[in-house]
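Trainee: I am new to this structure. Please show me how to read its features.

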Amino acid sequence: MRLSRQAGVKALIPTASMADIAFLLIIFFMVTTVHELDRTSVNLPLAQIREEAEKGAAIVVLGKDETGGVTNLVYKFSDGAETSHVVSGPEDINLEASRATYSDPEKQFILKADGTVHYEKIDELLDAMRRGGVQRVLLLTGQKTEGSQ
């Protein structure tokens, strides 16, 4: 007598809720991710006293780029709402600063300068910003602790 083999029950994984879980994870990561306007790595000078900048302050970066043994200065600008972009020099910073201060004359600016840049270049940048109508500038520094010099 021949017995017929009964087909086994197939294992099913319910996938109807997978899309919901994926969208919840996407929303979670979007809400918890911190958005930085400028990720330029610079060697910041140290200071003992620090002041907090306003949210939405414009960011001006003066950094160094060492490629092929040649050191070049890099200028970047962000209006406080968008990611920073490279500009060619102090005159372009002047133009960007005048655009930012046209709509808000009291806009705060943060100057993020490498600690090894000669002060002459920082002074040129501050003059260009002043000509652009900037009245409030904060210099970004690292926190000086008791053990650091």
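Mentor: Start with burial: buried means under 20% relative accessible area, exposed over 50%, and partly exposed in between (1.4 Å probe, protein chains only). D127, with a relative accessible area of 28%, is therefore partly exposed. This is a predicted model, where local features need pLDDT of at least 70, side-chain atom pairs count only at pLDDT 80 or more, and totals for chains, interfaces and linings use all residues. Residues are numbered from 1 along each chain as its sequence is written, and side-chain values use heavy atoms, leaving out hydrogens and water.

Trainee: Which residue forms a salt bridge with D127?

Mentor: A salt bridge puts a side-chain nitrogen of Lys or Arg within 4 Å of a carboxyl oxygen of Asp or Glu. R130 is the partner of D127, with the closest N and O atoms 2.7 Å apart. R130 counts as exposed because its relative accessibility is 54%. Helices (H or I, at least four residues) and strands (E, at least two) are DSSP runs, numbered from the N terminus. R130 and D127 are 3 residues apart in helix α3, so about one helical turn separates them.

Trainee: How many salt bridges does the whole structure have?

Mentor: A search finds 4. One of them joins R136 and E54, whose closest N and O atoms are 2.7 Å apart. That pair links distant parts of the chain, 82 residues apart: R136 is in strand β6, E54 in the loop between β1 and β2. Another joins R99 and E96, at 3.6 Å from N to O. R99 is exposed at 52%, whereas E96 is buried at 15%.

Trainee: What does Q108 touch?

Mentor: Contact means heavy atoms within 4.5 Å. Not counting residues up to four places away in sequence, Q108 touches A53, E54, A57, A58, R136 and L138. Q108 lies in strand β5 and is buried, with a relative accessible area of 4%.

Trainee: How long is helix α2, end to end?

Mentor: The expected span of a helix is 1.5 Å times one less than its number of residues. Helix α2 has 14 residues and reaches 21 Å from its first C-alpha to its last, close to the 20 Å expected. Its buried residues are P90, I93, N94, E96, A97, A100 and T101. Their cover includes β2, β3, β4, β5 and α3.
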